[in-house]
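Subject: Structure handover, salt bridges

Hi,

Here is the structure I promised to pass on. My notes on its charged side chains follow below it.

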Amino acid sequence: MSPPATSRPSDDAHRVLLVQELYRRYGRGGTSLRYRFWVKKYAWTLTVGGAKLLKRALDIVVSLAMLIVLSPLFAVVALCIKLTDGGPIVFRQVRVGQWGREFPFPKFRSMCTNAEKLKDALLAQSHHAGTSAVTFKMKRDPRVTWIGRIIRKLSIDELPQLMCVLKGDMSLVGPRPPVPREVALYTLADRRRLDAVPGLTCIWQVSGRGDIPFPQQVQLDVDYIESQSFWLDIKLLLATVPAVLLGKGAY
């Protein structure tokens, strides 16, 4: 015959401790804790949101100002491209932006009109062929026109992307946007560079551009993503000027 059911002392002690813990968390003692939690949460949200707003404001102001100031240069470059072979002035590609979102990507055309068809025959001569099969870079690309060599050396061919910055598809500073073919070859680690809005310039753009192998480009992009700030963007924008004038790694 089993003994009658009784409440064990240990159960009562456990209930007392539970009530005390609930009172500590949600009673008078927990009010201060909850207050500090919400203050920290909203302070962090305000800080992060403010930094994004400041970055976007910089993008809009600078891109709009440059589009206006550089419009005479755009006209001269457009005329030279048109007179070279009569082909289109702007070359448009699909590029991959933040979190894999694709967007139209314009450049001043620096190559012959059938450049994409000729690319497959030149893949083996890529400057990055020995270190990575992801990106294609060629120092003496036969597809580049005479005006193309000038505008590529000075990065003038990239200036139409200021429209992408103004629209919000790109930022002034961020990892350079890859083409879908390259992204298809990315490893999981490589995809980290897609965690930020792509930019006109980035760390490896001011540190050697095409001379930097792809794995190092990825690492530099990840370093930027993990430490990006408004002042870092200003520093990289200022460093872009001498990098463009020197033309190191541009081809």
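Asp 169 is buried, at 12% relative accessibility. Keep in mind that this is a predicted model. The side chain of Asp 169 meets that of Lys 167 in a salt bridge, at 3.6 Å from N to O. Lys 167 is exposed, with a relative accessible area of 54%.

Next, Arg 143 and Asp 141. Their side chains form a salt bridge, with N to O at 2.7 Å. Is Arg 143 buried or exposed? Arg 143 counts as buried, at 4% relative accessibility. Asp 141 is buried too, with a relative accessible area of 2%. Both values fall in the buried class because that class covers anything under 20%.

Then there is Arg 192 with Asp 195. The closest N and O atoms of this salt bridge are 3.3 Å apart. Arg 192 is partly exposed, with a relative accessible area of 31%. Asp 195 also counts as partly exposed, at 33%.

One group goes beyond a pair. Which residues are linked in a network of salt bridges? They are Lys 107, Asp 157, Glu 158 and Arg 176.

And the total? A search of the whole structure turns up 11 salt bridges. Among them are the Arg 143 to Asp 141 pair, the Lys 167 to Asp 169 pair and the Arg 192 to Asp 195 pair.

Best wishes

Terms used: Residues numbered from 1 in each chain as written. Predicted model: local features only at pLDDT ≥ 70, side-chain atom pairs only at ≥ 80, totals over all residues. Heavy atoms only, no water. Salt bridge = Lys/Arg side-chain N within 4 Å of Asp/Glu carboxyl O. Buried < 20%, exposed > 50% of the residue type's maximum accessible area, 1.4 Å probe, protein only.
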